[in-house]
Amino acid sequence: MTWAATILTLYPEMFPGPLGFSLAGRALSDGLWSLSTVQIRDFATDRHRSVDDTPAGGGAGMVMRADVLAAALDSVPDDRPKLVMSPRGEPLTQALVRELSAGPGATILCGRFEGIDERLFEARPVRAVSVGDYVLSGGEVAALTLLDACVRLLPGVMGAASSGDEESFESGLLEYPHYTRPYIWEGRTIPEVLRSGDHAKIAAWRERRAVEETRLRRPDLIERHGGARRPSPSGARREEEGQDQ
Ligand code: SAH
């Protein structure tokens, strides 16, 4: 069965947007995943077709109405997880991306304005997801981010060579640095070990660099995963020989 995404939004024209290109775009036209949109405004009930109203208690901006959003959500089949993009949601991680991409798809509600009436989260089994600790103007770009991350993991989307298993976050570490030709650029060379052809040595170097990068840039990742992977004893030995960065 095709992995199916349904986006509930006030701006259906934003989809597939960037996901119509490259890897995700090709997979979409090849039928490896499907995308449909629901216009939230179609579920408004008053003659002005309003989807929002002023915040209870006063303050700036408008709040999206729970009744309209619930009607939009209820119009979508229940066979897939229902997500709401929200800066107050659980952080989007590669683990959550793996979980979602292994399932049947996702229904994603995109907020706008000041936010969403809290009662929606109480009354419907929705999972709030945040793409990071910053505020976007709407959930659409966040939904595109989540979809992009999920779609590239679907079977057949990436080439057989790159299963994604070695990438940043999959091991709890950032990825090792990459290099390509030319060998010398602005006086800088590629680390010698990468030209050695010795796969074990290269693997040990990459492991070591991944740990170093993570310690330096994202010590929180090492803490969260209870310490980085320990290199195998043979890997450690090779590491000592291979200090030729
Ligand atoms: N006033 C709210 C922000 C509303 S932004 C607050 O301070 O928390 C409007 C909409 O953009 C949200 O309803 C949500 O759908 C989306 N959005 C904004 N930032 C986001 C983030 N970091 N992750 C996911 N969605 C986000």
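Student: What element holds Thr-6?
Tutor: Thr-6 is in strand E1, residues 3-9. Strands (E, at least two residues) and helices (H or I, at least four) are DSSP runs, numbered from the N terminus. This is a predicted model, with local features needing pLDDT of at least 70, side-chain atom pairs 80 or more, and totals for chains, interfaces and linings using all residues. Residues are numbered from 1 along each chain as its sequence is written, and side-chain values use heavy atoms, without hydrogens or water.

Student: Why is Thr-6 called buried?
Tutor: Its relative accessibility is 6%. Buried means under 20% relative accessible area (exposed is over 50%, partly exposed in between; 1.4 Å probe, protein chains only). Therefore Thr-6 counts as buried.

Student: What makes Thr-6 and Arg-80 a polar contact?
Tutor: Their side chains come to 2.9 Å. The cut-off is a pair of N or O atoms within 3.5 Å; within protein, one must be able to donate a hydrogen and the other to accept it, and sequence neighbours count only through side-chain atoms on both sides.

Student: Which backbone atom lies 2.6 Å from a ligand nitrogen?
Tutor: A polar one of Glu-114. A ligand nitrogen is also 3.0 Å from a polar backbone atom of Gly-132, and one is 3.3 Å from a polar backbone atom of Ser-86. The protein buries 85% of the 560 Å² that the ligand exposes alone (Shrake-Rupley, 1.4 Å probe).

Student: Which element gives the most to the shell around the ligand?
Tutor: E5, with 3 residues. Strand E5 (82-91), strand E8 (127-130) and helix H5 (139-151) each supply at least two. In total, 19 residues surround the ligand, Met-85 and Gly-111 being among the closest.

Key: A residue is near a molecule or strand if one of its heavy atoms lies within 4 Å of it.
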